[in-house]
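Let us walk through one protein model, step by step. Keep the structure in view as you read.

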Amino acid sequence: MDDIRLRFYNTLTRKLEPFESFEEGHARFYTCGPTVYNFSHIGNLRTFLFEDILRRTLKLFGWRVTQVMNLTDIDDKTIRSANEAGVSLREFTDQYIQAFFEDLDTLRIERAEHYPRATDYITEMAHLVKILEEGGHTYRSGDSIYYRISTFPAYGKLSRIRLDKNLAGARVDSDEYEKEDARDFVLWKAAKENEPSWDTEIGSGRPGWHLECSAMATSLLGETFDIHTGGVDNIFPHHENEIAQSEGASGKPFARFWLHAEHLNLESEKMAKSKGNFFTLRELIERGHDPVVIRYLLMSVPYRQKLNFTFDGLHAAEQGLERVANTLRRLDHTPEVEDDGDLNLTDIVAFRRHFREGLADDLNTAKALAALHTVLRQVNTALDGEGISAEVRSALFEAFDEANSVLGVFPEAEAGETTDDDEIQSLVEERTESRKNKDFARSDAIRNELEARGIVIEDTPHGPVWRRG
Ligand SMILES: [Zn+2]
């Protein structure tokens, strides 16, 4: 299957391109992380989940991965919120950093290799501004320092905005702004009352948001690396400004591939904290939704398509996952047949190939999941018919392990968590035994108990199998 090449849609070139890494066998990527002033909503988490699928897919295709995800613990929003809460910035952001990691674990998102906190890289940020000053890319106004975008002719190459030539001297101080306000942006904000500040080689103050990512990415991954990711909201101004800062300082390309995840809509409207129409992961769990179902729903739509989040969709995802769990359990507990059975090794090779082809096509998770559901139907048909041989069954489990190394949605008993699967299985076996011994009172009692727990037993030519109803 080495002939399947991984391809990504690169926002920089607006093309689907085969992925290659600068260092052989080692993929290095940078991910804009959360601004830790609140709980993540599932729109944010969709982007972090896309990055999880990216890292897991790179590993499936044989790359060693170094992923850096920053934690923005200082910007306009964190400072404002910490002041409103009346606590120090560190204390305020600590609680949301902890909550963020809990959310990642809940959604089975693998940990990145590095989670730099912006406030731990102030020296590096100041130094980057120093280099830009020496290169003639900046000017001072008051004690703040701005990036003069006319000194970087490539400005706009990622977002493809056209610059208004009459913007000389116009500048913007806030961290977030719209395309119409494309103009000189702030690198370093002068120290103010009620704001944390640091004394550095470029003076006293604090970093602008865009500067933070350039400094942390370069410190941990070098001046040039393979992939930079984020949400489509980040393309302008954030990523455009990151390029201007990093390439303006180093004179080298910053990242080769730029990948961006689309919005998540809630009942067709963009989910955003500023609009107040959002769900946090915590709220959905409080409403009784299983986080693995949420993971499955979020990955069911490829990352470059808008995902419309609805409760009907969540319910459909739950049914999809139940089909997976029921088939796996059935496969586990159905006796093997001696001969070839109804499923053969070629079917499994075809599944593995289709699954990889889906992911290789710009992380098309919908295609990969379709391949999974096709093979699950084949498994059920085989178990209804002639059965499955030991050899095929073990190849299937291997193929499923491989698929789940990317999907991360198969049932698993996590540490400290109990599952009643074993107990149900032994009740099912006891029922079979009672029927053999003509102890119908006992076998009926077991059936009733299982029914009360929502378990349906089917008697098949290969013995009973059970599923959750
Ligand atoms: Zn960033």
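Gly231 stands opposite Ala261 in strand 12. Here strands (E, at least two residues) and helices (H or I, at least four) are DSSP runs, numbered from the N terminus. Strand 12 covers residues 255-261, and six bridges join it to strand 11. The two run parallel. Strands count as paired if DSSP finds at least two bridges between them. How does the chain get from strand 11 to strand 12? It passes through helix 6, residues 235-250, in a right-handed β-α-β crossover. Right-handed means that, with the strands pointing away from the viewer, the path from the first strand over the helix to the second runs clockwise.

This is a predicted model: local features need pLDDT of at least 70, side-chain atom pairs count only at pLDDT 80 or more, and totals for chains, interfaces and linings use all residues. Residues are numbered from 1 along each chain as its sequence is written, and side-chain values use heavy atoms, with hydrogens and water left out.

Now stay with strand 11, residues 225-231.

Next comes the metal. Cys32 (SG), Cys213 (SG) and His238 (NE2) coordinate the zinc ion at 2.0 to 2.2 Å. Donors are N, O and S atoms within 2.8 Å of the metal (3.2 Å for Na, K and Ca); water is not among the atoms, so sites may look incomplete. Cys32 lies in the loop between strand 3 and helix 1. Cys213 sits in helix 5, 181 residues apart from Cys32. Why does Cys213 count as buried? Because its relative accessibility is 1%.

Key: Buried means under 20% relative accessible area, exposed over 50%, partly exposed in between (1.4 Å probe, protein chains only).
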